[in-house]
Amino acid sequence: MKLARVTGTVVSSINHPFFDGQRLLICDLEEAGGYLIAVDVVDAGVGDRVLVLDEGNGARQIFEIDSGPIRSVVVGIVDDVHEPA
Amino acid sequence: MQLGRVTGTVVASVKANGLEGVKLLVVQPLDEHREPDGRAVVAADAVRMAGPGELVYVVAAREAAEALDPAFVPVDHAIVGIVDEVDLP
């Protein structure tokens, strides 16, 4: 999983049926750089530091589906990260 | 998933099994501010309504094939939504 900061949202009305009613967040990746559009399952909002899963099998388990075009999911809102020296 | 701008269409009359009837579009990946980012890719249109000029979002890798029906086709990028609005407060 990757640490990221939510910077925005994406609105789409014409989409693959899997994305009906899903919330899409733009997540800026902290270490890897760049961004991902991820589906939100934890009610994260703009400004939140989050944990983004970017792997298809885990994503499908979250949505309890066998098949679907989903890979990036916001799975946690980060309170704090400790990195002892 | 990433944002992209559809810049063209691809016509291929000889295709691998599974690609028959799949609409192929040229997509320029964009950063979150909608500036071009990287090289263009060819993506399958899983919403069947995308066309040149449109702002879309694209899923990559194996999950792209799962956007299509039947799912296990030789595709590595698929358009899964047309973007109405990107809100970056």
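1. Fold of chain B. This is a predicted model. In sequence order, the elements of chain B run β-β-β-β-α-β, which amounts to 1 helix and 5 strands.

2. Dimensions of chain B. Along the principal axes, the C-alpha atoms of chain B occupy a box of roughly 45 × 20 × 20 Å. Buried residues make up 38% of the 89 in chain B. Of the contacts in chain B between residues at least 6 apart in sequence, 54% link residues at least 24 apart.

3. Contact between the chains. Chain B contributes 28 residues to the contact and chain A contributes 23 residues. On the chain B side, strand E1 (2-10), strand E4 (55-60), helix H1 (62-65) and strand E5 (77-87) each provide at least two residues. E5(B) supplies the most, with 9 residues. By type, the chain B side consists of 18 nonpolar, 2 polar and 8 charged residues.

4. Strand pairing across the contact. E5(B) also pairs with strand E1 (residues 2-15) of chain A; the pairing is antiparallel and has 6 bridges. Within this part of the model, Ile14(A) has Ile82(B) as its bridge partner in E5(B).

5. Nonpolar core. The largest nonpolar core has 48 residues, and those touching the most other members are Cys27(A), Ala78(B) and Ile79(B). Leaving aside residues up to four places away in sequence, the contacts of Cys27(A) include Ala4(A), Arg5(A) and Val6(A), as well as Tyr35(A), Leu36(A) and Ala38(A). Val50(A), Val52(A) and Val74(A) are also touched by Cys27(A).

6. Cis peptide bond. The bond from Asp69(B) to Pro70(B) is cis, its omega being near 0°. Pro70(B) lies in the loop between H1 and E5 of chain B.

7. Positive phi at Asp43(A). Asp43(A) is not a glycine, yet its phi is positive, at about 60°. The residue sits in the loop that runs between strand E3 (35-40) and strand E4 (49-54) of chain A. Asp43(A) counts as exposed because it has 9 other C-beta atoms within 10 Å, and the cut-off for exposed is 12 or fewer.

8. Positive phi at Arg48(B). Arg48(B), also not a glycine, has a positive phi of about 60°. Its place is the loop between strand E3 (41-45) and E4 of chain B. With 11 C-beta neighbours inside 10 Å, Arg48(B) is therefore classed as exposed.

Note on methods
Residues are numbered from 1 along each chain as its sequence is written. Chains are lettered from A and ligands numbered from 1 in the order in which they are written. This is a predicted model: local features need pLDDT of at least 70, side-chain atom pairs count only at pLDDT 80 or more; totals for chains, interfaces and linings use all residues. Two residues are in contact if their C-beta atoms, placed from the backbone, lie within 7 Å. Helices (H or I, at least four residues) and strands (E, at least two) are DSSP runs, numbered from the N terminus. Ala, Val, Leu, Ile, Met, Phe, Trp, Tyr, Cys and Pro count as nonpolar, Asp, Glu, Lys and Arg as charged, and the others, Gly among them, as polar. Two strands pair if DSSP finds at least two bridges between them. A nonpolar core is a set of buried Ala, Val, Leu, Ile, Met, Phe, Trp, Tyr and Cys residues joined through C-beta atoms within 7 Å. A residue is buried if 20 or more other C-beta atoms lie within 10 Å of its own, exposed if 12 or fewer, and partly exposed in between; C-beta atoms are placed from the backbone.
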